[in-house]
Every structure is written in structure tokens, then in C-alpha cells.
Amino acid sequence: MPVVLISPPGFTQEQYEESIRRLHPDKSRLESPSDWPVEGLLAHIAGEGENGFRVVDVWESEDAVRRFGEVLIPILRELGVEGEPEIYPTHTFVSA
């Protein structure tokens, strides 16, 4: 179960919101895992941190991360977002 952290230098809330619009043009917010363009999302958290805007996702498999990256990375590049997401295995996952 991989964790994906997207927090490149200079990443803004505006870039995040535009990436969401491009992922799902009919919605201004993605509120359910079924809103994502690929299956396998377990958790999605986005917000402003001390060092800029951050996104943390938890996925059910590395294959799901790869499939989502094939959709997301080109969008981020078009928006001028550089760098690669940090991906690491989950040690503990607790859900309500």
C-alpha cells in the first residue's frame, strides 16, 4: 500500500485546483474515490503546509499509483509543476 507525497517547491493551491479541474472537468472538487480517473485510491489529503501546498495519497497498490501517475504527471507538467512525487510503502494505515 504506497503513500504518495506531492510537495514540489513552489507548488500552489491554484495549481492543485487546476489539476483537479483537468482530472474531472465536471467537478470543482473530487470528494469520493470514484471521482478519480483510476481505481485504487484509499485516501487523499490536500492542504497548505509550512513549505507550500502538499498532497498526500494512499493507494491500494503500486500498479494503481502508476496508472494514476500516467494521467496526473502530464497535467502537472503542463501547469509548470516540476519534480517527482515521493513514494514510499505504508507502515501503518488507520481509517475511520
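Trainee: Which residues does V58 touch, not counting residues up to four places away in sequence?

Mentor: Contact means heavy atoms within 4.5 Å. By that test V58 touches M1, P2, V3, G40, L41, L42, A43, T90 and F93. This is a predicted model, in which local features need pLDDT of at least 70, side-chain atom pairs count only at pLDDT 80 or more, and totals for chains, interfaces and linings use all residues. Residues are numbered from 1 along each chain as its sequence is written, and side-chain values use heavy atoms, with hydrogens and water left out.

Trainee: Is V58 buried or exposed?

Mentor: Buried means under 20% relative accessible area, exposed over 50%, and partly exposed in between, with a 1.4 Å probe and protein chains only. V58 has 8% relative accessibility and so counts as buried.

Trainee: Where is V58 found?

Mentor: Helices (H or I, at least four residues) and strands (E, at least two) are DSSP runs, numbered from the N terminus. V58 belongs to strand 3.

Trainee: What is the order of the four strands in the sheet?

Mentor: Strands of a sheet pair through backbone hydrogen bonds, either parallel or antiparallel. Two strands count as paired if DSSP finds at least two bridges between them. Here the sheet is open, with order 2-3-1-4 and antiparallel pairing. Strand 2 (41-49) and strand 4 (86-89) are at the edges with a single partner strand each, so one side of each has no neighbour in the sheet. From one strand to the next the twist averages 15°, taken between N-to-C directions of lines fitted to C-alpha atoms, on a scale from 0 to 180 degrees.

Trainee: How many bridges join strand 1 and strand 3?

Mentor: Strand 1 (residues 2-6) and strand 3 (residues 52-59) are joined by four bridges, in the antiparallel sense. L5 has V56 of strand 3 as its bridge partner.

Trainee: Which residues of helix 1 are buried?

Mentor: In helix 1 (residues 13-23) they are Q15, Y16, S19, I20 and L23. They cover an arc of only 140° around the axis, and therefore lie on the same side of helix 1; the arc is that of the directions from the helix axis to the C-beta atoms. These buried residues pack against strand 2, strand 3 and helix 2 (62-78).

Trainee: What is Q15 in contact with, leaving aside its neighbours within four places in sequence?

Mentor: Q15 contacts G10, L79, G80 and V81. Q15 is buried at a relative accessible area of 16%. A polar atom of the Q15 side chain lies 3.0 Å from the backbone nitrogen of T12.

Key. Polar contact = N/O pair within 3.5 Å; in protein donor to acceptor, adjacent residues only side chain to side chain.
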